[in-house]
Amino acid sequence: MSGTDDVDPLPVELAGLPRVELRDPLFISDLHLNEGAPATLARFLRFCNEEAAAHAELLILGDLFEYWIGDDALDDEGDSVSRAVAGALRALGERGVRVYVMHGNRDLLLGSGFLRATGARLLADPAVASIDGREALLAHGDAWCTQDTEYMRFRSMVRQEATQRQFLAGPRAARLAFMGAARAQSEAGKLAKAMQIMDVTPTAVDEALRASGQRLLIHGHTHRPAVHRFLLDGEPAERWVLPDWDFEAADPGRRCGGYLAAGTLPWRVVSLTD
């Protein structure tokens, strides 16, 4: 079976929502869920059942999964991670929580099948959110890592129609092998790069905010959670970087994960415990 149904558009062809109205949202990103991270998966499932279920919206700003080889993962009874995550998101929708998902750099092949299975709505990258009268630009963030020229070339290639069509038409075993090799190469490449190269470029962020008319940004990708306050063209601006998730460490002090709660002022980033 190929990674996409013949009648479905390719992931790159999907039109994500450019704007959303939110009432009481939680924002998460960079969970990198996979079979090798059972504790992180368990914490996410608990998060859906507890924290997220108490809010009106859940927005996932990319890299929910460590990789996504195609929506046929949901048809594989042996892929317990994909099926468990889809079930948890679908259950949130049934409880009245609106779920939004954005493509990340690791799961950019999430397609129509995933959206149908979960009931999630796809966000454009970037998108604008109105949160109780306050507007924010939402993004995964990797598009602004412009100093990492090697990654930017790769990013451009994998977002081309021909590349996605060829990959998704391949057998599942070949796609899994490719993703495994790509992950290993990516981790090895990080060791040779300066940290600032893999972070967003401030001028690229400034340009994105100007183009959108916004002065507030929420994104993930960098695994550098923080709140940056600065001036842009003489006006105050903010950049909220979401925390990544990793509950696999034996040392509780090294486990991490959390979310941004933006339903009421002041906004706050909440760190999760086991």
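Student: What should I keep in mind about numbering and confidence?

Tutor: Residues are numbered from 1 along each chain as its sequence is written, and side-chain values use heavy atoms, with hydrogens and water left out. Because the model is predicted, local features need pLDDT of at least 70 and side-chain atom pairs count only at pLDDT 80 or more, while totals for chains, interfaces and linings use all residues.

Student: What makes the radius of gyration of the protein chain agree with a compact globule of 274 residues?

Tutor: The rule for a globule is 2.2 Å times the number of residues to the power 0.38, with the radius taken over C-alpha atoms. For 274 residues that rule gives a value near 19 Å, and the protein chain has 18 Å, so the two agree. Along the principal axes, the C-alpha atoms fill a box of roughly 55 × 45 × 40 Å.

Student: How many helices and strands does the chain have?

Tutor: There are 7 helices and 11 strands. Both are DSSP runs numbered from the N terminus: helices are H or I with at least four residues, strands are E with at least two.

Student: Why is Val128 called buried?

Tutor: Buried means under 20% relative accessible area, exposed means over 50%, and partly exposed lies in between (1.4 Å probe, protein chains only). Val128 has 9%, so it counts as buried. Across the protein chain, 51% of the 274 residues count as buried.

Student: Where does Val128 lie, and which residues does Val128 contact beyond its neighbours within four places in sequence?

Tutor: Val128 belongs to strand β5, residues 121-131. With contact meaning heavy atoms within 4.5 Å, its partners are Pro18, Arg19, Val20, Glu135, Ala136, Leu137 and Gln214. Gly213, 85 residues away in sequence, has its C-alpha 9.9 Å from that of Val128. For the protein chain, 68% of the contacts with a separation of 6 or more are between residues 24 or more positions apart.

Student: How do you know that α1 and α2 are roughly parallel?

Tutor: Axes are lines fitted to C-alpha atoms, for helices over the stretch in contact, and angles run from 0 to 180 degrees between N-to-C directions. Under 35 degrees counts as roughly parallel, over 145 as roughly antiparallel, 65 to 115 as roughly perpendicular, and the rest as oblique. The axes of α1 (residues 38-49) and α2 (residues 80-94) cross at roughly 15 degrees and come within 9 Å; the pair is therefore roughly parallel.

Student: Which residues of α1 and α2 meet?

Tutor: From α1 come Leu41, Phe44, Leu45 and Cys48, and from α2 come Val81, Ala84, Val85, Ala88, Leu89 and Leu92. These divide into 10 nonpolar, no polar and no charged. Here Ala, Val, Leu, Ile, Met, Phe, Trp, Tyr, Cys and Pro count as nonpolar, Asp, Glu, Lys and Arg as charged, and the others, Gly among them, as polar.

Student: What makes Asp132 exposed and His223 partly exposed?

Tutor: Asp132 has a relative accessible area of 64%, so Asp132 is exposed. His223 has 35%, so His223 counts as partly exposed. Asp132, in the loop between β5 and β6, has a positive phi of about 50 degrees although it is not a glycine. His223, in the loop between β7 and β8, has a positive phi near 60 degrees.
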